[in-house]
Amino acid sequence: MSFVPLLELRGIGREYRIGQIRVNALKDIDLDVSHGEFVSVMGPSGCGKSTLLNIIGCLDLPTSGTYRLAGQSVQDLDDSELSDLRNRFIGFIFQTFHLLPHFTAQANVELPLVYRGVSKKERRERALAALEAVGLADRSRHFPLQMSGGEQQRTAIARALVGQPSVILADEPTGALDSRSGLTVMSTFERLNREQGLTIVQVSHDETVARYARRIVRLLDGSIEREEEVVGLRGA
Ligand SMILES: Nc1ncnc2c1ncn2[C@@H]1O[C@H](COP(=O)(O)OP(=O)(O)OP(=O)(O)O)[C@@H](O)[C@H]1O
Ligand SMILES: [Mg+2]
């Protein structure tokens with residue numbers, strides 16, 4: 001058992017430069033996320049939420065500070081090492097589901113394993129297990145357009161889970177859903193976190209959605225304004 005946090009950010013900054021103009025999208029962010037945590041990042045539009053999630057997911061590098069993912073300093077890695085780290089540890093969920101329309105739910109979920117050269121039999125078993133984990137065992141043969149928005153997003157969650165990531169990063173996972181479908185996605189996250197100890201960091205604008213997590217990190221203008229624990233019933 002190691003006590004190194006899964007995600008460890010120290011003094012993280014991200015500066016964008018466009019000609020003479022500099023935008024400090026993130027300033028001096030200190031954040032630890034341990035194995036098994038469920039964290040929501042909130043804050044007004046433009047405050048740096050997606051920038052932060054992209055850095056955590058190794059899709060982008062900070063311009064200052066240090067970020068360690070599972071003890072590994074990401075700023076020391078080259079592109080191929082970064083993508084290895086990303087493939088091993090990270091599962092991404094986006095607002096739009098990015099499912100392939102001509103593939104069934106099962107085939108969509110199998111896809112990351114195809115790229116990893118996993119055998120057909122094992123792919124099938126793992127995809128079905130992942131669909132079952134998100135409550136969609138009976139939708140495996142459906143195409144995306146034959147599923148509700150919430151079911152499509154849960155299929156995307158199954159696709160992220162099938163690679164057995166250490167952390168799920170979700171940027172406004174309910175942003176394209178009506179509130180009822182959004183809540184089915186949040187109950188799925190809540191259950192995966194509670195039953196399987198899956199670490200989740202999500203971005204949301206919606207207070208009800210954010211409160212499915214156990215901790216809320218509030219960003220303002222690129223800085224952490226405050227953090228709070230969520231007590232009591234989730235989503236309440
Ligand atoms: N590629 C880029 N080049 C220049 N500036 C950028 C770039 N990406 C983001 N920014 C700026 O960085 C700041 C943070 O952007 P970010 O996308 O992280 O915000 P956000 O909190 O996710 O907002 P939203 O809630 O609208 O999605 C914004 O001021 C944005 O204009
Ligand atoms: Mg954003």
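In which handedness of crossing does H5 pass H6? In this predicted model, H5 passes H6 in a right-handed crossing.

The axes of H5 and helix H6, the latter spanning residues 179–196, approach within 8 Å and cross at roughly 25 degrees. Because angles under 35 degrees count as roughly parallel, this makes H5 roughly parallel to H6. On the H5 side the contact is built from Gly149, Gly150, Gln153, Arg154 and Ile157, while H6 brings Ser181, Thr184, Val185 and Thr188. Sorted by class, the residues of this contact comprise two nonpolar, six polar and one charged.

H5, which covers residues 149–161, also packs with H3, here at an angle of about 30 degrees and with the axes 7 Å apart. H3 and H5 are therefore roughly parallel to each other, and their crossing is right-handed. From H3, the residues Ala105, Asn108, Val109, Leu111 and Pro112 meet Thr155, Ala158 and Arg159 of H5. Five nonpolar, two polar and one charged residue make up this contact of H3 with H5.

A further partner of H3 is H4. Helix H3 (residues 105–115) packs with helix H4 (residues 120–133) at an angle of about 120 degrees, and their axes lie 9 Å apart. This arrangement makes H3 oblique to H4. The crossing in which H3 passes H4 is right-handed. Ala105, Gln106, Val109, Glu110, Leu113 and Val114 are the H3 residues involved, and they meet Arg123, Arg126, Ala127, Leu128, Ala130 and Leu131 in H4. By class, eight nonpolar, one polar and three charged residues form the contact of H3 with H4.

Stepping back to the whole chain, seven helices and 10 strands are found. The C-alpha atoms fill a box of roughly 50 × 45 × 40 Å along the principal axes. For 236 residues, a compact globule would have a radius of gyration near 18 Å, and the chain agrees with this, having 18 Å.

Turning to ligand 1, the residues around it are Tyr16, Ile18, Val23, Ala25, Gly43, Ser45, Gly46, Cys47, Gly48, Lys49, Ser50 and Thr51. Strand S1 (7–18), strand S2 (21–33) and helix H1 (49–56) are the elements that each give two or more residues to this shell. Which element gives the most to the shell around ligand 1? That element is H1, with three residues. In terms of class, the shell around ligand 1 divides into five nonpolar, six polar and one charged residue.

Key
Residues are numbered from 1 along each chain as its sequence is written. Chains are lettered from A and ligands numbered from 1 in the order in which they are written. This is a predicted model: local features need pLDDT of at least 70, side-chain atom pairs count only at pLDDT 80 or more; totals for chains, interfaces and linings use all residues. Axes are lines fitted to C-alpha atoms, for helices over the stretch in contact, and angles run from 0 to 180 degrees between N-to-C directions. Helices (H or I, at least four residues) and strands (E, at least two) are DSSP runs, numbered from the N terminus. Angles under 35 degrees count as roughly parallel, over 145 as roughly antiparallel, 65 to 115 as roughly perpendicular and the rest as oblique. A crossing is left-handed if the near helix is turned anticlockwise from the far one by less than a right angle, and right-handed if clockwise. Two residues are in contact if their C-beta atoms, placed from the backbone, lie within 7 Å. Ala, Val, Leu, Ile, Met, Phe, Trp, Tyr, Cys and Pro count as nonpolar, Asp, Glu, Lys and Arg as charged, and the others, Gly among them, as polar. A residue is near a molecule or strand if its C-beta atom, placed from the backbone, lies within 6 Å of it. The radius of gyration is taken over C-alpha atoms; the globule rule is 2.2 Å times the number of residues to the power 0.38.
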